[in-house]
Structures are given as C-alpha cells and as structure tokens.
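Please have the structure open as you read.

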Amino acid sequence: MTSTSMRTHQCGELRPEHIGQQVTLTGWVATRREHGEKLAFIDVRDHTGVTQAVVDNTVDVRSEYVVRVTGTVAARPTENLNEKLATGGIELQDCTVDILNVAEAPPFPVSERADQVAENTRLQYRFIDIRRERMQRNLRLRAAINSAIRTSMEDQGFVEVETPMLVPSTPEGAREFIVPSRQQPGSFYALPQSPQLFKQLLMVAGIDRYYQIARCLRDEDLRADRQYEFMQLDAEMSFVDQLDVHEAIGACVVAAAKAAGQDPGEIIKITWHEAMNRFGSDKPDLRFGMELTELTDVFAATEFKAFAGAATIKGINAAGKADDYGRNKLDGMTDKAKKMGAKGLVWLKVAADGTLESPVAKFLGEAEQAALKSALSAQPGDLLLIVADEWATTCEVLGTLRNDIGRPPVYEGPYRYLWVIDFPMFVGVDAVSGHPIPAHHPFTRPHPDDLHLLETDPMNVRSQAYDLVLNGWELGSGSIRIHEHELQARIFTILGISDEEAQKKFGFFLNPFRYGAPPHGGFAFGIDRLVAVLAGEENIREIIAFPKTQSGMDPMTNAPTPVVQKQLDELGIRVLPPKA
C-alpha cells in the first residue's frame, strides 16, 4: 500500500477484507453512470486498477477529472459483482468527492479501445495514451526488467560506470548524429552509437567488470524494432574467455525473463555455420521446424540442368502447406528468390497418392523423386522448396522463405534463446581496395585456431564474436577483443589501414593499450527489443514512453524543429535549401 497525505489506498488495492473501513482514493474518473435520480456510479482509476464509488447524482464530474473520493468500503450487491475486476466484489458508499482538477474531454478514450486510434494521434497525446492499462503495464514491466538487470550485474561484481554522450566521430560505423561545437567552430562531437571504445578503456584502467544501461543513438531509418535512441545493457569483463561472457550475460537475461514472469529455459549454443546450414539465418528462430535439408548427394548424378553442377542443393518441407500456395504465390516466391541472387526456385507438391506435382517433376527420375521424398520426410499435402546455387545463396534464400512461411510473431511463446558463435572474421572483399571487409569492428579477436589463415585465407577465418538471439530477433552481440599491439597491427594491415590512419582514427583508443591492456571481452544487448518480446509487443514503440514515429518525428513535441538564426550563427552553420 502506498498511502500519502492525500490517500489511504490506491484504486486497485481494495478487497472484501477492507469492508467497513473508511478509505480515501485519488485518481482519474474513468466513467460516470447514472443510477436512478439520486445516485451515480463513478469508476476511479489509477495505475493499480479501478474502484467503483457510489456518489450523489449532483456531483458534477466527467471523464478524466482528477478527484479524491472518501467513503466506506462495502460489499457490492450480488447482481452487480464484476469478476473481471480485482476490486469487483466491493464498492465505496457514503462518498464525498473533492475535485482536484477538471479535464477537457480526451481526444480518445483511455481504454484498450485506444489501440484502434491512429498511432500519430496516440503519440501526439502520449501523456493520455500512457494512462491506459497496456502502456502502464509495459512501462512498469520495463522498469522491473531494468531493476533485475542491475541486480544481476551487481551480484556478479560488475561496476556501473557512465560514459560520455559527446564523443569523437567514427564514421566507419552506422550513420551518426553529430553535434556542432560552439567553442571549436567547424568541429563536431558525435552522439555515441555505443560505449564500445570507452568500456574497453575501462578494462585498461583496471575496472575489471563494467556495466551500464546505456543510451545509444544511430541516425538510421526507423522500423518496428529500431528507434534513433535505444537503450542497451552494455558490459565488459577482464581476464575472460567467451564462456565467461556467455555465463554472465546469460544470468542477466534469465533474471530479466523471470522478472517478466517467463521461464527462459536453456540458452543453447550453435556455430554461425551450423545456424546458416540448418536454418539459413544467423539469427534463427527455433520455435518451428522446417530446417534446411542437404540434397546435394540426392542429385549428384542428375540430368536436370537446374541442379547439375550446382555447388549446393538444399530444400525445405513446408508440411501441409501445398493447398495454401497457388501458382501466384509460388511465382511470387520464385521472383523473391531470384531478387536475392538465386538462379531460381524449384517447388513440388506432394499429391494425395504420394506423387510429386510440379512443372519440373518430369525432369527428375523415379529414384531421385523417391530419394527426395525420403530426405525431406515428405507426406501428402506437403510443399517442397529447393534451391541449387552457391552455399551462401542457397542457405540465405531458403532461410528467408522458411521464415516467410512458418515463423510466428516474434512475441509469441515459447521463448527460445540461443548463442550464435564463431562468426566469420570477414564478410567479403572490397571491390576497390581488394582488402577484406570486417564482419564486426576491427578490434574483434580472431579464433585462435585460425590465426595462421589471416594472410593466406582470410575468408575462412572465424572470429571470437557471438550474438544472442531470441525468437529470431538479434538481441545483441559481443566479442573477445584484441588486446596486443602486434595482433591489432596485423589486423589493420590486412584491412588496409596504415599506421598513420590507425593513429589518426583510433589513437586515443590504441595508445592506452601500450600501458598494459588485459585480455578482455564484452557484450551489449538491446533492452527495448527484449522488453518488447517479453511484453508480447511486436513494435518497440509500445514499450518506450516517448518514441519517434517511423519517419523520425515526435508528434507530441513536433521535434525535429528549425532553430533560430542566432543559434546557427553562434555555431557557424549555414542551412542549405533541400536538394531538388
């Protein structure tokens, strides 16, 4: 109970055991209903719930008036019991009402029906929207998860340290927000994309275990799981290997899940290569099957030109989906496969008698058809999809189709967490420079078993990088870092970064490493994404108090807005007209 000088109880706290007590509630009028000529019912609401009060009909209160109601707790008449409410067995009688503030009619009802209101309207009047039970629940769940995260990290010996919000620009990463310096005309700060460099310097400084619930900013296009501003659990540890990091972050995630009333189950591990091979994705959703099946050997001697000589042939079985996909849908999937780089897509439907129906079935021998059905465990009514191409293309295309066909909404249970480990060190070769392109930042440590391949076969070098995935959403990523000057210089050389360029871009970060950097590694995961899934929301805007729209606008404050010329003059900035 949170009594104050203005109330004895909150609106959702009263129960039959309070019958006979005189109490005072404060809150907002949710509804007012006439009850004969002399009486009226008003529902008084705060974030804990609603209590019905019987008041004199002359009391002039309307929806969203702020009131204080004093009365005696009484049992509701049997015919008026409301089993849907925790307070549905009682009401307040003999009430006096103090109007603490009047209110205009809100632009939409403060009820779950507001979900049908246009999102821009909800965000324009977010202070009204947050009064709703759904938003109250989500924001309080977020607070509980943040608290569980902090407790878990502190119990494991982590120290919370705040890192700067005004940092040097590192344009090699995601697009940054930049901030002009008034005292240094022509120079700019950047808002941090992450505390990456600072947290590593804290390891050099001997902090040993650092964490922060950090605000990060990236000027990237917005979508359901991305905002300009986002919060992440950021952590770094000294004298550790990957297993140590996984255990610490895993304990934190388990604590967060339990705070949301969820059982996270076992957090399994698979390598990046296994994830791509089985699921066609580096963030696989384990809640459904339809795994990719190797078919290269099945068609090793085929005369079907689309399969002959292909590096990799794989297929998936969309069990029971044959009737759900007519020719138009199948043609659409084929077009999608081609846009993703595949030469094409082969589909076959399993008829009631077990035969394969497809324009290409006639090109496959009886033995091939039998082996195909056996490999994919095909049954009547199944839809079989096959791609023959390079390994990476085959996996990615089928992985995308697998998700399109079978993936449930991300927020639907069960909740399946996994670590994806051993990511590639490099993702390709720059067409201009000819140098490898790093898959992560250039401070990621190579796998110790692959160091001998760095110069001779870089595309087959694994890194000590890892991602945490939940229901097909990447929650976050991390790695073991390079702490020796010699190995870092070797990586820079492979990437085509000269000593001079490295010093210019990263000198403030690299120079401290000359003074004794311990082995270290870390991780960061997005709190917004985690809370959204645990709250059963598909869009992270529903678990953020004041988010931006998909266009980057804030309908409530109208941000971003122009600034006055005086401010621009002080900063030495001239605004150019928009490009035609």
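Predicted model: local features only at pLDDT ≥ 70, side-chain atom pairs only at ≥ 80, totals over all residues.

Residues are numbered from 1 along each chain as its sequence is written, and side-chain values use heavy atoms, with hydrogens and water left out.

**Count and network**
- The model has 35 salt bridges (a side-chain nitrogen of Lys or Arg within 4 Å of a carboxyl oxygen of Asp or Glu).
- Salt bridges join R122, R126, D129, R132, R134, E537 and E542 into a network.

- E537 and R134 form a salt bridge, with their closest N and O atoms 2.6 Å apart.
- E537 sits in the loop between α12 (527–535) and α13 (565–571), and R134 in helix α3 (residues 133–155), 403 residues apart (helices, H or I, are DSSP runs of at least four residues and strands, E, of at least two, numbered from the N terminus).
- E537 is buried at 6% relative accessible area, and R134 is buried at 14% (buried is under 20%, exposed over 50% and partly exposed in between, using a 1.4 Å probe and protein chains only).

- D331 pairs with R327, the closest N and O atoms being 3.3 Å apart.
- Both residues lie in helix α7 (residues 327–339), four residues apart, or about one turn of the helix.
- D331 is partly exposed, at 32% relative accessibility.

**A pair within one loop**
- D450 forms a salt bridge with R462, with 2.8 Å between the closest N and O atoms.
- D450 and R462 both lie in the loop between β19 (436–438) and β20 (465–470), so the pair ties together parts 12 residues apart in sequence.
- D450 is buried at 6% relative accessibility, whereas R462 is partly exposed at 30%.
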